There are 2 protein chains.
Amino acid sequence: MANKEFLETDILALDQRYRATFINSLGGFKSFCLIGTQNKEGHTNLAAFSSLFHLGANPALVGFIVRPDVAKRHTLNNILETGALTINHVNEVFYTQAHQTSARYAAEVSEFAATGLTEAYIEGINAPFVAESHVKLAATFVRKIDIAENGTIMMIARIIYVSAPEKCLLSDGFLDIELAGTVTCSGLDSYHTTRRLARLTYAKPDTVPQQVDRQRLSK
Amino acid sequence: MANKEFLETDILALDQRYRATFINSLGGFKSFCLIGTQNKEGHTNLAAFSSLFHLGANPALVGFIVRPDVAKRHTLNNILETGALTINHVNEVFYTQAHQTSARYAAEVSEFAATGLTEAYIEGINAPFVAESHVKLAATFVRKIDIAENGTIMMIARIIYVSAPEKCLLSDGFLDIELAGTVTCSGLDSYHTTRRLARLTYAKPDTVPQQVDRQRLSK
């Protein structure tokens, strides 16, 4: 494959929209999820995020980046008001509706109603889940970190609830999100299903990784 | 699909290794890349990361999380010494070798030599690229943020160089990383190729997203 090179001066000279599309493509495949929140009055909000990342297992922490635009501010404000959020994996059935949640709806419009996705609730969790999602998490706000370089905000949240298909949970704790239908995204607008190459055994010097035997891990 | 639920008390009660595997699976599909660095003496290091995330396009910023283990400390120390790193997408041909870089090699062992991956250099970039990678970035250290909750470190870096297959670059700036063969990962050890569902048009209230016409975007 012949490669095209971009030096820093080339990157800086790119048209703003072209650069946003280009730079967003460079970080590899991304987690794509819907974050559900509500304000103190119970008005719900649902927003698509592609920046969720694992921060730690003990305590169970995730991070995500909130951009300083109007739609995402609703998510931020609701989390600061209630401390609660849900994180809902997106599957092939509703990825178009998930994408549509990023439209700039007025504050009084719930993205659930606007896109036809279904609110679901669990006692003790002060935020709406997406009923259509197969892998659903609830989390509680831990801390926000302002990223001065570009005005974005990094959010840290602790996972306090998980609901996932029983058949996707293997005996070692691995959750097979491919089997659950979870999609991934790249760039600003590209959505993908996945096909597993392998799970590989824990890497040690002087050995070669082997495929983990899925049959033996199933319950 | 029948779902299994985990309350916070269930999560806290999980065996430590089971929990690490489980919680690592929950964040969705992840970017999987190799970060290349070297120390002041030019001794190279290569480490697998699955926490890279897009932070902004202007300036072009990415973030990633460094865990406080020995192997990743080499990457951290080298970046703090030289300010330089490369970020190399992983494809199907060498994902097993990429996984193997996470073995705990001694500091004097370069993961390039240990895994058989090939160092490549570009004038002005003080870090090694992976020759086998199709999408290669170079970045310069911006800032680190200590995550007190679990002792991890968030790194912010600015992209200063991109090399990508010309045929994967569309006229609107979108880089087709699926066509470039970039793989994604889930959990601690599962690797996946992707199959595009669609690119969707920019979401606006009262319209339905359409598929972006790839033919029209190709150059």
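Predicted model: local features only at pLDDT ≥ 70, side-chain atom pairs only at ≥ 80, totals over all residues.
**Two chains and how they meet**

Colleague: What makes you say that the copies meet through the same surface?

Modeller: 100% of the interface residues of chain B are also interface residues in chain A, so both copies use the same surface.

Colleague: How many residues are in contact across the interface, and what area is buried?

Modeller: In chain B, 106 residues are in contact with 107 residues of chain A. Contact here requires heavy atoms within 4.5 Å. The two chains bury about 9400 Å² between them, and 59% of that is on carbon and sulfur atoms.

Colleague: Why give an area for an interface?

Modeller: The accessible area lost when the parts come together is often used to state the size of an interface.

Colleague: Why is the pair A:Glu149 and B:Arg143 called a salt bridge?

Modeller: The cut-off is 4 Å between a side-chain nitrogen of Lys or Arg and a carboxyl oxygen of Asp or Glu. In this pair the closest N and O atoms are 2.8 Å apart, so the pair qualifies under that limit. Between chain B and chain A the count is six salt bridges. There are also 57 residue pairs in polar contact between the two chains.

Colleague: Which element gives the most to the side of chain B that touches chain A, and how do the residues of that side divide?

Modeller: S11(B) gives the most, with eleven residues. The residues on that side of chain B divide into 52 nonpolar, 32 polar and 22 charged.

Colleague: What makes A:Arg199 and B:Asp189 a salt bridge, and where do the two residues lie?

Modeller: Their closest N and O atoms are 2.8 Å apart, which is within the 4 Å limit, so the pair counts. A:Arg199 is in strand S13 (residues 190-199) of chain A, while B:Asp189 is in the loop between S12 and S13 of chain B, so this pair joins two chains. Over all chains, the structure holds 14 salt bridges.

Colleague: Which strands of the two chains are joined by five bridges?

Modeller: Strand S11 (residues 152-165) of chain A and strand S1 (residues 3-7) of chain B, which run antiparallel. Two strands need at least two bridges to count as paired, so these strands pair. Within the pairing, A:Val162 stands opposite B:Phe6 in S1(B).

Colleague: What is the order of the open sheet of six strands, and why do some strands stand at the edges?

Modeller: The order is S2(A)-S12(A)-S13(A)-S13(B)-S12(B)-S2(B), with antiparallel pairing. Strand S2 (30-31) of chain A and strand S2 (30-31) of chain B each have a single partner strand, so one side of each is left without a neighbour in the sheet. In chain B, three bridges join strand S12 (residues 184-186) to strand S13 (residues 190-199), and B:Cys185 stands opposite B:Tyr191 in S13(B).

Colleague: How do S10(B) and S11(B) pair, and what lies between them?

Modeller: S10(B) and strand S11 (residues 152-165) of chain B pair in the antiparallel sense over eleven bridges. One of the bridge partners is B:Ala157, for B:Phe141. The two strands form a hairpin with four residues between them, and B:Gly151 in the turn has a positive phi of about 75 degrees. Strand S10 (residues 136-147) also pairs with strand S7 (residues 84-89) of chain B, antiparallel and over five bridges. There, B:Ile87 has B:Leu137 as its bridge partner.

Colleague: Which backbone features do you list for A:Pro59, B:Pro59 and A:Asp206?

Modeller: The peptide bond from A:Asn58 to A:Pro59 is cis, with omega near 5 degrees. Likewise, a cis bond joins B:Asn58 and B:Pro59, with omega about 5 degrees. A:Pro59 lies in the loop between strand S5 (53-57) and strand S6 (60-66) of chain A. A:Asp206 has a positive phi, near 65 degrees, though it is not glycine, and sits in the loop between S13 and helix H6 (214-217) of chain A.

Colleague: Why list such features?

Modeller: Because most residues other than glycine have a negative phi, and most peptide bonds are trans.

Technical notes. Residues numbered from 1 in each chain as written. Chains lettered and ligands numbered in written order. Heavy atoms only, no water. Buried area = accessible area lost by both parts, 1.4 Å probe. Polar contact = N/O pair within 3.5 Å; in protein donor to acceptor, adjacent residues only side chain to side chain. Nonpolar A, V, L, I, M, F, W, Y, C, P; charged D, E, K, R; others polar.
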